Amino acid sequence: MLDDARFGLSRTATLPGPLRLDGGVLLSPVDIAYETYGDLAPDAGNAILVCHALTGDHHVASEHPVTGKPGWWARMVGPGKPIDTDRYFVICVNVLGSCLGSSGPASVNPATGKLWAMAFPVITIRDMVRAQAMLLDHLGIAKLFAAVGGSMGGMQALSWAATFPERVASAVVIASAARHSAQNIAFHEVGRQAIMADHRWRGGDYYADNDPPSSGLAVARMAAHITYLSEAGLTAKFGRKLQSRDAKTFGFDADFQVESYLRHQGLSFVDRFDANSYLYITRALDYFDLAEEHGGTLANAFKRGDTRFCLVSFDTDWLYPTSESRTIVHALNAAGAPVSFVELKSPFGHDAFLLESPELDRVITGFLGAGER
Amino acid sequence: MSAHSSDTPPALRPDLAIIARNVQPVTRVLDVGCGDGALMAALRDQRGCDARGLELDPADVAAAMARGLSVVQGDADTDLVDYPDDSFDYAILSQTLQTTRRPDEVLDQLLRIGRRAFVSFPNFAHWRVRASLLFGGRMPVTRLLPVAWYATPNIHHVTVDDFRALVKARGIHVEESWFLSGDQRTGSAFANVFAEHAVFLLRKDR
């Protein structure tokens with residue numbers, strides 16, 4: 001397998017497709033950027049798909065090519081880690097619509113030879129999952145040992161179990177939801193409007209002169225970033241402390257540390273992410289409603305197959321609060337599916353799933369280990 | 001990774017051992033207040049049951065999950081309503097009834113979700129408890145009730161006769177009952193005095 005060019009870091013597969021999207025468009029061919037870690041067992045039975053969140057990427061446990069930072073879940077994925085690359089073959093796929101190598105608005109439209117921009121079809125979470133399934137066909141993996149993800153990654157894991165129940169033995173859904181609430185959609189709309197109100201957005205056609213709507217995208221990121229934290233966390237970290245000054249300036253500079261922090265979050269984000277991709281992926285999240293896809297009853301999404309589920313929420317997460325996980329648990333109980341659920345304590349809000357959490361490690365280690373029985 | 005595979009199962013608490021012995025094999029079981037999943041693991045490994053759990057304490061939920069069990073964190077007082085009717089062959093409530101806010105409603109929920117229910121509880125009319133209150137004039141602190149009145153999770157103390165009266169009033173049929181003094185079985189006739197623990201197997205008359 002070491003000689004197999006399909007496996008390793010920073011791979012890209014161009015699959016012929018066509019991929020039929022929920023919006024009705026046939027996408028062909030489909031570029032998919034991904035990474036793999038560890039060795040695929042001879043029976044291909046040890047594959048774990050790690051699904052990333054809104055602005056994540058396939059560099060789950062390897063250095064990010066732009067920022068040089070460690071992979072976004074390096075504390076969870078690696079040798080001896082809960083998702084143990086000595087035991088499991090780990091795949092992480094850049095989602096459809098993203099800008100790190102998979103087909104999206106910033107990639108070339110083969111029909112025109114130009115970048116797609118806003119001509120790229122609107123996609124859904126299920127479209128992302130179907131694209132991942134096409135990649136698994138390419139890699140020779142019939143059934144996943146597990147699909148694992150937090151936030152939007154958790155929605156993909158849920159969508160996997162609902163769309164391809166025969167192809168996923170277990171699903172780990174962390175800090176996630178089965179649908180986007182009005183509040184979730186509202187925050188995303190603020191971000192999209194910030195991007196589209198930036199005069200440099202120009203209907204999405206900003207690639208040619210390399211002058212993207214960075215100000216709008218930075219504001220979108222700032223608004224979204226607040227939803228990833230908790231009030232208690234912000235208070236503990238910043239309170240009302242002033243930024244490198246002894247007194248308020250009676251002006252509109254970043255007087256407060258929290259302002260300076262948010263501005264930094266916005267500015268560093270624009271270096272690694274495309275504004276149009278942000279529009280498309282937030283749209284996919286807003287369109288996500290797993291019950292709606294199954295006749296309005298969430299339990300119907302899980303009636304087929306024998307997938308085991310593990311759900312985890314965090315008590316200070318107000319983006320996808322515990323009540324959203326409980327809704328999923330109730331549906332799984334109604335469907336008679338094997339489900340475990342735990343709410344963990346953390347001061348860090350939604351972001352807690354990315355941070356050090358021995359309890360989360362223990363839960364995931366135990367759940368995955370039990371799947372090997 | 002799975003540290004449980006070849007281990008000899010530890011001895012179950014006596015009331016749990018009675019339940020484990022009397023659950024029919026290969027049935028669906030919901031253990032309400034399942035703790036770290038000791039009974040569920042025994043039912044799965046020894047009786048081939050499909051066991052699910054509900055547990056309030058997140059550390060216990062994590063411990064049960066690490067055993068490969070399907071356990072949901074939740075509260076017997078509020079979360080049983082979310083389980084469908086007749087979705088289990090048995091609903092089990094061991095040593096938890098006396099900690100719930102509305103034991104009568106929890107009992108109704110158990111028999112709505114399960115076709116049968118096992119309920120075990122410490123008997124507050126055991127002679128040692130009576131003696132402690134009668135002669136000491138203080139709320140009893142005994143081997144089975146080791147926590148002082150102000151800190152005990154047991155907010156609805158119940159006796160064997162109280163429980164018999166409750167199930168009778170609610171039209172619940174007692175299929176079988178077991179009484180324990182220490183680890184030993186004791187008779188049914190004077191159970192309200194001599195039993196430290198009671199285990200009931202219940203069925204709703206429908």
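In the predicted model, A:Asp317 is buried, with 28 other C-beta atoms within 10 Å. This residue sits in the loop that joins β11 (308-314) to α8 (322-334) of chain A. When neighbours within four places in sequence are set aside, A:Asp317 is in contact with A:Ala175, A:Gly349, A:His350 and A:Ala352.

A:Asp317 is annotated as "active site" in an unreviewed UniProt entry, and this annotation also covers A:Ser151 and A:His350. The three residues are spread over 200 residues of sequence but cluster in space, the largest C-alpha distance being 10.6 Å.

A:Ser151 is located in the loop between β9 (146-150) and α2 (152-163) of chain A. A:Ser151 counts as buried because 27 other C-beta atoms lie within 10 Å of its own, and the threshold for this class is 20 or more. Residues up to four places away in sequence not being counted, A:Ser151 touches A:Ala53, A:Leu54, A:Ala175, A:Ser176, A:Tyr320, A:His350 and A:Phe353.

The contact between the chains takes 22 residues from chain A and 16 residues from chain B. On the side of chain B that touches chain A, two or more residues are given by each of α3 (58-66) and β3 (70-73) of chain B. The most come from α3(B), which gives five residues. By class, this side of chain B has 10 nonpolar, five polar and one charged residues.

Note on methods:
Residues are numbered from 1 along each chain as its sequence is written. Chains are lettered from A and ligands numbered from 1 in the order in which they are written. This is a predicted model: local features need pLDDT of at least 70, side-chain atom pairs count only at pLDDT 80 or more; totals for chains, interfaces and linings use all residues. Two residues are in contact if their C-beta atoms, placed from the backbone, lie within 7 Å. Helices (H or I, at least four residues) and strands (E, at least two) are DSSP runs, numbered from the N terminus. Ala, Val, Leu, Ile, Met, Phe, Trp, Tyr, Cys and Pro count as nonpolar, Asp, Glu, Lys and Arg as charged, and the others, Gly among them, as polar. UniProt positions are given in the numbering used here, feature names are shortened, and annotations may be inferred rather than shown by experiment. A residue is buried if 20 or more other C-beta atoms lie within 10 Å of its own, exposed if 12 or fewer, and partly exposed in between; C-beta atoms are placed from the backbone.
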